[in-house]
Amino acid sequence: MYTLSKSEDQQVKMSMVVILVVYALFLLWVPFLPFIDLPNHLAEATIYKFYNEPGNVLSQYYQPTPWYYPNTFHTVFCSLFPSVEVGNKIFHILYIALLLYSIYLVIKQLGGNVWYGLLSVLFIFNYNVTYGFVGFAISIPVIIILFYFTLRDIDEDKLSLKISIAFLLVLLFLMHAQNALFAMVIYGVLMLYKYFKKPSKLLIHAALIPLPMVALILTWWFKRTSETKEESTIDFLFNYYTTQYFPKLHGRIRLITLDNFQLQEGLAGLIIAILIFSCLLIPFLFFKSWRPAKEKLSDSNNLIYSLIFFLAGAGCYFILPDGLPGQSPLFQRFCTIVILSAIILGSLFLNKVTLKGLRIFILTAISIYSVLWFEYIYSFNQTAKDISPDFFEGIDNKNRLAGLIYENSFRGRRAYLHFPNYYIVWNQGIAASKIIDYRFGVVRRAANETTIPFYYEYIGEPWGATPVPQYSHLEYVLVRGQGPVQRDVNLNNFELTKEQGSWKLYRNKGEKHVLIE
């Protein structure tokens, strides 16, 4: 196994610290992160934080799930801070730190090239992060840490490592249930490979260590209540795999673009994403790492462990459906796991490449990537600067609000889709929001759809621009852009009270509403 020199190790660690500090300072500086579903999760954290407290009526409209339910980690974490927005920034900084360090730990444990592992930075703002899938995003580095502890347990067979693995499985369930199951599969296959001829040890590892997570899953499953009626999952899967899977399979080549196409709209974004992905391949072309492959991979078990991780992720990406009833997208979320596991696997073939040119190439790629994403986020904040907590100043939080987000896009991404949730975040107010109608949401509705209506997030799309008279009894409507037809029937009986840039706030002329004097 290749041993990393002390000076190389220090250089890599210092590079990681510099990257983390730069990203942390930038994230703390910008007001908004342009991640599509993120306002939903900020609203959930606000409801968790201020639920049943004086000064708001959140409990009349929303019902948080218990903290031990799946996907609650981000919500509970952010609610612990004086401001959920600050908590969210710390959350994303923690995610970046975990991503950098988890890749480093695994590659070092396997004897791979830790410099090559730094290319994981090119997927910090990946598909899951930019969609605002906060639970799935934070669970990815935690899965890699679990993989690291599993590798160590295979070598050391210590009780402390087994306890750590059991704890991480529980933590993953609180972050995202799907990835908890995915991690359990990886762990189970690794144990099967290691202890195939030792049934007693296999039973201890495969049955006892996941037991706390399984107990938590069963507790949630039997205590949960579902108010939405969805199509049968079995019927859905049968129909999908018999009629849709193979005709659409070729589209999964998007694996190479899903993580970074958001940087620019259209073809330009796809080209940038392909170029960023190609940075993973260039070291193999220039440093001819395959020639002494036999010597490099003297520990075949490490290669097999890495392959198990990679193939598990690739299997989920290429086999799972587009979505399930009440949950979409699905297979696309695994693109980042496939790429990060490929980086881990590739590092084994580059484990003795220590040329200065490799380090320069990697640090240059990271710098260019960072500039591209910082420009994207900064530019978004320039377009979003017209809305802030002051926009809702003077409105009592007992008033209800819905959004008509006709112009929801930034560079082709629906980054403004859920911005009405900031009325909850900034005012602890009542807003029509998707959070209360998701199948596995962490906040449920406590009032019927007459009192707090269904949120039509896609009204800005050509196929979604239909009248929504359900908003007619609400006190306020937040509008971005203009409806396809003027006069907008959705604003009948509403009067304009505030306008800043692309944002307009309308007040119902007939409904009773409360103003702060």
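Begin with the open sheet, in which 5 strands run in the order β3-β2-β5-β7-β6 with mixed pairing. Strands are DSSP runs (E, at least two residues), as helices are (H or I, at least four), numbered from the N terminus; two strands pair if DSSP finds at least two bridges between them. The model is predicted: local features need pLDDT of at least 70, side-chain atom pairs count only at pLDDT 80 or more, and totals for chains, interfaces and linings use all residues. Residues are numbered from 1 along each chain as its sequence is written, and side-chain values use heavy atoms, with hydrogens and water left out.

Select next the edge strands, β3 (430-431) and β6 (494-500), each of which pairs on one side only. Strand β2 (residues 400-405) pairs with β3 in the parallel sense over 2 bridges. Within this pair, Leu401 stands opposite Ala431 in β3.

Arg411, in the loop between β2 and α20 (422-427), has a positive phi of about 50 degrees although it is not a glycine. Asn493, in the loop between β5 (476-480) and β6, likewise is not a glycine and has a positive phi of about 70 degrees. Asn493 is partly exposed, with a relative accessible area of 40% (buried means under 20%, exposed over 50%, partly exposed in between; 1.4 Å probe, protein chains only).

Finally, select helix α11 and Trp221 within this helix. Trp221 is partly exposed, with a relative accessible area of 44%.
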